[in-house]
Amino acid sequence: MQRRRDDVHRVSVGFGVTGNSFFSIEKVPEARSGGATQAETRIYNERLVLSLVRRHGQLSKVDLTRLTGLAPQTITTIVNRAADNDLLLRREPLRGRLGQPSVPYSLNPKAAYSFGLKVDHRSADLALIDFVGEVVALEQTTFDYPMPDEIMAFARSATARTCRKQKSISQRRIAGLGIASPFYQGNWDDDIDAPVGRFEAWKEIDIRTELDEHFDWPVYLLNDATVSASAELMFGSGLGRPDFLYVYVGHHVGAGLVLDHHLFAGRNKLAGAIGDVPVAAMEGAGTHLVALKDCASLKALAATLSESDRMRVWSSVDDWRALDGHLTGWLERASEGLSQFIVTAVSVLDIDNVVIDGAIPARARREMAKAIRRKLATAFLGRPESFSVLEGSFGHLGPVIGGASIPLLIRYSNDKDLLFKE
């Protein structure tokens with residue numbers, strides 16, 4: 001099936017990222033005003049209903065009328081159409097209240113599916129998730145060096161195998177493929193003990209475009225921390241929270257930002273590129289400035305370990321018991337650096353929540369969140385709303401589930417910035 005490609009205004013951004021284009025969600029054209037057509041408004045209202053049901057779990061037509069301010073007849077039309085299209089499920093009436101029984105609706109997990117592909121410096125994951133974020137299938141592979149041909153071959157073969165195994169899933173229900181990847185793969189020579197120039201191939205290929213040509217559904221590419229924030233927004237700790245800063249501790253450290261229930265990637269899709277933010281670190285009796293990635297990343301942890309323990313960091317995400325001595329010191333340094341950054345971020349963004357996640361064991365994630373809460377105990381006492389430090393929901397699977405969330409976010413959410421560019 002050949003998809004039309006001339007009905008989308010595409011913008012390429014060429015500055016040494018994966019290939020020449022960041023992803024296929026376009027920047028807002030400079031000449032575009034804030035107006036919306038009648039068709040866009042109708043689609044927005046339909047997706048608003050789906051987003052509200054996702055946020056609350058289940059809602060009746062009366063609830064949706066109250067939350068949206070739309071006319072009851074409009075809500076009835078939208079909900080009935082969504083139910084007819086298998087997007088919403090009609091639940092059992094809620095009895096025991098005054099008046100007629102209230103009939104709630106919830107999302108249909110089988111309404112839509114999406115693929116996610118995560119690429120990092122040692123491995124690649126491919127997952128298929130359903131409409132409510134449950135992982136239907138997952139394949140993983142490892143390699144010495146992440147080369148584009150190897151990763152594209154894995155993506156194609158793993159997707160084909162998954163489709164064969166999941167024959168009950170209609171192809172028309174698949175919303176797309178979202179790629180979660182750290183940018184600047186051409187600079188991976190500095191991070192991995194690989195032959196000089198090994199990663200030059202990343203500067204010559206656009207993996208998103210290559211995979212987009214292969215599949216009938218759309219393919220998107222975003223930073224791994226940004227898409228991990230999307231997973232929390234749609235399915236995890238951030239669901240229902242109007243704003244939060246999401247921090248992902250991986251090979252480097254990155255962040256994603258949600259404002260007013262919407263994923264905010266930034267105009268250049270670089271919001272959350274926090275690795276080079278300077279923070280104060282203790283050295284002897286004094287302090288000096290270091291980059292956040294040099295104290296709060298797994299690369300910083302690995303630098304303190306023996307060769308065998310370094311391999312445990314990269315290959316055994318759920319079992320770091322042998323690292324306890326080194327882990328304690330790293331958690332202290334990482335939580336201190338992140339706490340300093342969070343204070344600054346809250347001052348600028350006026351947000352009430354931060355979510356801490358990463359490719360680290362659940363126990364380490366819990367300890368890091370506790371340490372940050374302790375360090376921030378008195379920092380935000382004057383705020384009108386309480387400040388929360390939450391643990392992420394997905395750990396090392398955050399990027400692949402987040403990648404898969406992007407096509408669902410684009411196709412079914414009420415995000416105006418995404419909706420009005422289709």
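## Close-up views of a predicted model

Helices α1 and α12 are oblique to each other, where angles under 35 degrees count as roughly parallel, over 145 as roughly antiparallel, 65 to 115 as roughly perpendicular and the rest as oblique. This is a predicted model, in which local features need pLDDT of at least 70 and side-chain atom pairs count only at pLDDT 80 or more, while totals for chains, interfaces and linings use all residues. Residues are numbered from 1 along each chain as its sequence is written, and side-chain values use heavy atoms, with hydrogens and water left out.

**View 1. Helix α1 crosses helix α12.** The axes of α1 (residues 38-56) and α12 (residues 398-412) come within 9 Å and cross at roughly 130°. Axes here are lines fitted to C-alpha atoms, for helices over the stretch in contact, with angles from 0 to 180 degrees between N-to-C directions. Helices (H or I, at least four residues) and strands (E, at least two) are DSSP runs, numbered from the N terminus. On the α1 side, R47, L50 and S51 make the contact, and α12 brings I410, R411 and Y412 (contact means heavy atoms within 4.5 Å).

**View 2. Five strands make an open, mixed sheet.** The order is β11-β10-β9-β14-β15, and two strands pair if DSSP finds at least two bridges between them. β11 (262-264) and β15 (388-391) stand at the edges with a single partner strand each, so one side of each has no neighbour in the sheet. On average, neighbouring strands are turned by 25° against each other, direction ignored. β14 (residues 353-358) and β15 pair in the parallel sense over four bridges; N353 has S388 in β15 as its bridge partner.

**View 3. Helix α10 lies across the sheet strands β9, β10 and β14.** This helix (residues 324-349) runs at about 155° to β9.

**View 4. W330 and M368 sit in the largest nonpolar core.** A nonpolar core is a set of buried Ala, Val, Leu, Ile, Met, Phe, Trp, Tyr and Cys residues joined through side-chain atoms within 4.5 Å; buried means under 20% relative accessible area, exposed over 50%, partly exposed in between (1.4 Å probe, protein chains only). Of its 91 residues, W330 and M368 touch the most other members. α10 gives the most to this core, with nine residues. Leaving out residues up to four places away in sequence, M368 touches residues including V249, W330, L338 and I356.

**View 5. L289 is an exposed residue of strand β13.** Its relative accessibility is 63%. The C-alpha atoms of L289 and V279 are separated by 5.4 Å.
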